[in-house]
Amino acid sequence: MRIGELAARADTTTRTLRYYESRGLLPARRDELGHRAYDEHDLRALQQIRTLRDFGFELEETRPFVECLRAGHPEGDSCPASLAVYRRKLDELDALIGELAAVRDKVAGQLTRAERARDELAAEALVPGGPEPVCELGGQDL
């Protein structure tokens, strides 16, 4: 199949396919007229790349999966190098989850502190002569 057909079947653009070719992820085969020529194996490689990219993998991280398919394996993640990429990605995701959990804890602590301060101001406002609470948005009610 030609580049336009492959792009349509893979739901991508010809520009993307040329880029993948320049990066060595797609073969640079040509037919007798000099047009790029692709087959079902190339479509399968593109589907693998797209799936991994949708999961947040960098383009270069897809290379072992594509190479595994090129080696004749029915799945791109059945080779040791692909499994190693999965492990690295899981470690990266676990680290990010840890960072996000720490930030979440800080925000939750700030919210608790802010709500406590608001409640204290509201309680003081009920005391005769106490301060009148003022919201930064211009309102008087908390």
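This report looks at a group of aromatic rings and the residues around it. The structure is a predicted model.

**The rings**

The structure holds four aromatic pairs. Two of them involve phenylalanine 57, as the table shows.

| Pair | Distance between ring centres | Angle between planes | Type |
|---|---|---|---|
| Phenylalanine 57 and phenylalanine 65 | 6.2 Å | 90° | edge-to-face |
| Phenylalanine 57 and tyrosine 86 | 6.2 Å | 80° | edge-to-face |

Why do these pairs count as edge-to-face? Planes over 60 degrees apart count as edge-to-face. The planes of phenylalanine 57 and phenylalanine 65 are at 90°, so that pair qualifies. Those of phenylalanine 57 and tyrosine 86 are at 80°, so that pair does too.

The second pair links distant parts of the chain. Phenylalanine 57 lies in the loop between helix 3 (40–54) and helix 4 (63–70). Tyrosine 86 belongs to helix 5 (residues 80–126), and the two are 29 residues apart. Together, Phe57, Phe65 and Tyr86 form one aromatic cluster.

**Charged neighbours**

Lysine 89 places its charged end over the ring of phenylalanine 57, 5.1 Å from the ring centre.

Aspartate 77 sits in the loop between helix 4 and helix 5. Its relative accessibility is 26%, so aspartate 77 counts as partly exposed. Beyond its neighbours within four places in sequence, aspartate 77 is in contact with residues including Phe65 and Tyr86. The side chains of aspartate 77 and tyrosine 86 make a polar contact at 2.9 Å.

Definitions and conventions
Residues are numbered from 1 along each chain as its sequence is written. This is a predicted model: local features need pLDDT of at least 70, side-chain atom pairs count only at pLDDT 80 or more; totals for chains, interfaces and linings use all residues. Side-chain values use heavy atoms; hydrogens and water are left out. Rings of Phe, Tyr and Trp (its six-membered ring) pair if their centres lie within 6.5 Å; planes under 30 degrees apart count as stacked, over 60 as edge-to-face and the rest as tilted. Helices (H or I, at least four residues) and strands (E, at least two) are DSSP runs, numbered from the N terminus. A charge sits over a ring if NZ of Lys or CZ of Arg is within 6 Å of the ring centre and within 35 degrees of the ring normal. Buried means under 20% relative accessible area, exposed over 50%, partly exposed in between (1.4 Å probe, protein chains only). Contact means heavy atoms within 4.5 Å. A polar contact is a pair of N or O atoms within 3.5 Å; within protein, one must be able to donate a hydrogen and the other to accept it, and residues adjacent in sequence count only if both atoms are side-chain atoms.
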